[in-house]
Amino acid sequence: MQPAPEHTESELLQFRRHKLEELQKRGIAAFGGKFDVTHAPGTLKATFTEGLDVRIAGRILSRRQMGKATFFDIGDITGRIQCYLSKNDVGDEAYDLFVHQIDIGDFVAIEGLSFVTKKGENSIHVKTFTPMSKALRPLPDKWHGIADREIKYRQRYLDLISNEQSREIFVTRSKMVAEIRSFLNGRDFLEVETPMMQDVPGGAAARPFETYFNALDQKMYLRIAPELYLKRLLVGGFTKVYELNRNFRNEGVSRRHNPEFTMLEAYWAYSDFEQMADLVESLVCHLAEKFCGGLKIKRNRVTEIRAILFMIPRLVQEHSLVLSAEANAEFQAVIAMAHKALNELDHEKASAIAQTARTELGRFLGLCENDLNPGQKGFFDAMLAKLDTLSEDAFIDLSRPWKRTPYRDLIKGAVGDDWFSLSKEAKVARAQGLGVHEIHAGDEHYELDQKIFEKLVEEKSFNPLFVTHVPKELVPLAKQNTADDSVVDVYELVINGQEISPGYSELNDPIVQRQRLEHQAGEEIQKIDEEFILALEHGMPPAGGIGIGIDRLIMMLTGAESIRDVVLFPQLKRKAD
């Protein structure tokens, strides 16, 4: 008999312990062993043929008893399929065992015959079943997914069990990573592995994680980038080389940043940044066509919608609204709608939820419109206009060719053609007038420019944009432009408001390289890698290089809201004891 749903968690755990003991008393291995399967549950359902003898195994995800028969779903990462178990087929003892000792969440192995039910459901008619692993804890009640984000990320296995969208994202991620390797291998690039621990953390300006190598009696660092080792391989004669692996940066955690992340870096001797841009454009379009059904990718608007929904319950208090009884009742309905929407909000439902919020909020504001002052009315009109925009699906258009524009031209387009002739004080004043407040006269000119770029260009660029010819101060490892030595021959690929990939014409002059690294080391972020300079002094061919943040790329292609939604086990603060 299944325990009633009103039981406490402690009681449910005890029920399952008792069932485990009962299985053991009967001499049944509750944590079974080898079982040869013929199909995975989801694969069998997707390629279904009636009348097959099948052997499948998986977790019981749902069940419903109908007298002397029980229907239950069995599943794994591939999907799920319905099974039909009848007392007449398996006998009283086996049926009683399944009904009374097997729970939702348990793993079982099934032998049976594929068939189609009267209602047209592809199913398995069970001949025999074998317990494979007893679940001593119940699964979450809500099978539409884990609402608590802490549980979703810390106990990812529960999210994968209950959330089909999460399963699809991570299966797609694995396939995309394999396809990236296939794409590069097919173009004669060789995959290599370089050190994860380095005595000098180089290749980027970032704070590293520190560790200690006892056998060598020296401090070591988890790498922030593999770049300097990959370039050593160009010195050694490799002409097309890449590494797809983890980097580590001891910096902030955000929706777009995880301290441990996956990066592709590739180098191509005798190439340049323009050719590397062509390579990246081809790769991303290839992935989109193979896994996303085309070059138009639905943008994720969840974060914007969530911010408005969070704001709704505070509207009356923060704007000092005086409500009639009718308006107050309507506002309570709007609050209830917002709470419900926050629990259900995801990438697929985002536009519909924004439309519902627009309708409900508009109805409420219609009741109190005559009591609003001009400032309040302007605020609410802007909110409704924003919801109107969010009610419509928006897309990233990856159609080729992708736009390529110099860095300075983009900044001029955002803040005026005279920007680069302004004093620092004038730049700060103009920037603040445009809403960019994280800017100070004590910054260097290139730092002021970069903050403008990040806020007014990068964050507002959704379709692919190759930003070219960046100031040399920002990219110390790239080759200077021959026509303008204040910039370097690089691109920064921006898609969906964030950098996806940088690409360089790599600097191979060891004298200039030393000067650049010494300037950068003055920031006390990294030391100079003398071994790398030594390698360059033996001669490195001209080359193009790229980096691609795999996590961000997959976020963009799958429509994930946060980097934590595409990393199986994102970094979290340790739970308090």
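Two strands count as paired if DSSP finds at least two bridges between them. Strands themselves are DSSP runs of type E with at least two residues, helices are runs of type H or I with at least four residues, and both are numbered from the N terminus.

The structure is a predicted model, in which local features need pLDDT of at least 70 and side-chain atom pairs count only at pLDDT 80 or more, while totals for chains, interfaces and linings use all residues. Residues are numbered from 1 along each chain as its sequence is written, and side-chain values use heavy atoms, with hydrogens and water left out.

Consider the whole protein next. It has 20 helices and 18 strands, and its C-alpha trace spans about 85 × 75 × 50 Å along the principal axes. An automatic or database domain assignment supplies the domain bounds. The protein is divided into domain 1 (9-133), domain 2 (144-297 + 464-572), domain 3 (301-393) and domain 4 (403-462). Taken over C-alpha atoms, the centres of domain 3 and domain 4 are separated by 34 Å.

Burial is judged by relative accessible area: under 20% is buried, over 50% is exposed, and partly exposed lies in between, with a 1.4 Å probe and protein chains only. Of the 577 residues in the protein, 48% are buried. The accessible surface comes to about 28300 Å², and carbon and sulfur atoms hold 50% of it; such areas come from the Shrake-Rupley method with a 1.4 Å probe, and for residues only the protein chains shown count as cover. A contact means heavy atoms within 4.5 Å. Among the contacts with a separation of 6 or more, 67% are between residues 24 or more positions apart.

Now return to E5. This strand is part of a closed barrel of five strands, which runs E1-E2-E3-E5-E4 with mixed pairing. From one strand to the next, the twist averages 55 degrees; axes are lines fitted to C-alpha atoms, for helices over the stretch in contact, and angles run from 0 to 180 degrees between N-to-C directions. Strand E3 (residues 79-86) pairs with E5 (residues 122-133) in the parallel sense over three bridges, and here Cys 83 stands opposite Ile 124. Strand E4 (residues 107-116) runs antiparallel to E5 and is joined to it by ten bridges. Ile 110 has Phe 129 in E5 as its bridge partner. E4 and E5 form a hairpin with five residues between them, and Gly 120 in the turn has a positive phi of about 85 degrees.

A second sheet is open and has three strands in the order E7-E9-E8, with antiparallel pairing. Strand E7 (197-198) and strand E8 (210-213) stand at the edges, each with a single partner strand, so one side of each has no neighbour in the sheet. Four bridges join E8 to strand E9 (residues 218-222) in the antiparallel sense. The bridge partner of Thr 211 in E9 is Met 220.

Arg 173 is found in helix H7 (residues 164-185). It counts as buried because its relative accessibility is 14%. Leaving out residues up to four places away in sequence, Arg 173 touches several residues, including Thr 262, Ile 550 and Asp 551.

The last two residues come with a record. An unreviewed UniProt entry gives the annotation "binding site" to Glu 492 and Glu 499; UniProt positions follow the numbering used here, feature names are shortened, and annotations may be inferred rather than shown by experiment. Glu 492 lies in strand E16 (residues 487-495), and Glu 499 lies in strand E17 (residues 498-505). Is each of them buried or partly exposed? Glu 492 counts as buried because its relative accessibility is 13%. Glu 499, at 26% relative accessibility, counts as partly exposed. Apart from its neighbours within four places in sequence, Glu 499 is in contact with Glu 458, Glu 492, Leu 493, Val 494 and Arg 552. Glu 492 in turn touches Glu 499, and its other contacts include Phe 453, Leu 465 and Ser 501, not counting residues up to four places away in sequence.
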